[in-house]
Amino acid sequence: MSKKIIKRCILFLTLVFLIACSWYVWQLKKHVTQTLKWEPLVKTVLEEENMDQYEDLVLAIIFTETKGNSVDVMQSSESKYGEQNKITTEKESITSGVTHLAEAIKYALDNGCDIWTGVQAYNFGTSYVDYVVTHGEKNSLELAQTYSKEVLAPMLGNATGATYHYYEPIALFHNGGKLYQNGGNFFYAELVKRNMKIINILS
């Protein structure tokens, strides 16, 4: 293959890469705009609950859960009703989600854990806090993965460690993009951290 052809191939691949990156950033910007649409309502609910300091965190959770494109923007139906699709308004979703988040964070901090243990518990349930208490009192991706595989998944019927594909960049780099069936999302706290940064950069 001639040098001229190689240069053309490199140029073509570079162009494709740049187009893909531009499209990805455009999509992220679109999702951030959709998420920030709920900022006034988030502010109102947080003021009512005396939790103003968690505004960035709540917006990042909305981005993580639904990109703001759902009635149940914080996916809080299960934590409130024990089943999906029971939330009927965005305010109910945010109010319920904020209440659940506040309880998880308070339980984590009261037990000597870090705030990210509480954020991960928003996805796993507060029993995760008890697990972290006996495993170093600080959330980590590795600890969340172990809990998902060895505690949560078996408790909910997955005793074999069965996984499914999860096409999310953090997951793809970590383990090829896999989550345990019935094991929640052990990447959750890491996703929320990343999404807080994305919102701050693109807002």
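**Cavity, pockets and cores**

Reply: The largest cavity holds about 40 Å³ of space, where a cavity is a set of points on a 1 Å grid over the protein atoms alone at which a 1.4 Å probe fits but cannot get out, and a volume is the space filled by probe spheres set on the points, which are joined across faces, edges and corners. This is a predicted model, in which local features need pLDDT of at least 70 and side-chain atom pairs count only at pLDDT 80 or more, while totals for chains, interfaces and linings use all residues. Residues are numbered from 1 along each chain as its sequence is written, and side-chain values use heavy atoms, with hydrogens and water left out.

Me: Which residues line the largest cavity?

Reply: The lining is made of Asp-56, Leu-59, Met-196, Ile-199 and Asn-200, lining residues being those with an atom within 4 Å of a point. H3 and H10 each give two or more residues to it, and H10 has the largest share, with three; helices here are DSSP runs (H or I, at least four residues) numbered from the N terminus.

Me: And how much space is in the largest pocket?

Reply: About 660 Å³, a pocket being an open set of points with protein on both sides within 12 Å along at least five of seven lines. Its lining has 25 residues, and Glu-65, Gln-75, Glu-78, Tyr-122 and Asn-123 lie nearest the centre. Two or more lining residues come from each of helix H3 (55–65), helix H4 (77–81), helix H6 (115–124) and helix H10 (188–202), with H6 giving the most, four residues.

Me: What's the lining of the largest pocket like by class?

Reply: There are 12 polar, eight nonpolar and five charged residues, where Ala, Val, Leu, Ile, Met, Phe, Trp, Tyr, Cys and Pro count as nonpolar, Asp, Glu, Lys and Arg as charged, and the others, Gly among them, as polar.

Me: What about the second largest pocket, and what lies nearest its centre?

Reply: The second largest pocket has a volume of about 190 Å³ and is lined by 14 residues, with Leu-28, Phe-63, Lys-67, Glu-168 and Arg-194 nearest its centre. Helix H1 (3–36), H3 and H10 each supply two or more lining residues, and H1 supplies the most, five. By class, that lining divides into seven nonpolar, four polar and three charged residues.

Me: Switching to packing, how many residues are in the largest nonpolar core?

Reply: That core has 30 residues, and those with the most contacts inside it are Leu-57, Val-58, Ile-61, Ile-62, Met-74, Ile-94 and Val-192; a nonpolar core is a set of buried Ala, Val, Leu, Ile, Met, Phe, Trp, Tyr and Cys residues joined through side-chain atoms within 4.5 Å, and buried means under 20% relative accessible area, with exposed over 50% and partly exposed in between (1.4 Å probe, protein chains only). H3 gives the most to this core, with seven residues.

Me: What does Ile-94 touch?

Reply: Leaving aside neighbours within four places in sequence, Ile-94 is in contact (heavy atoms within 4.5 Å) with Trp-38, Leu-41, Val-42, Val-45, Ile-62, Val-73 and Met-74.
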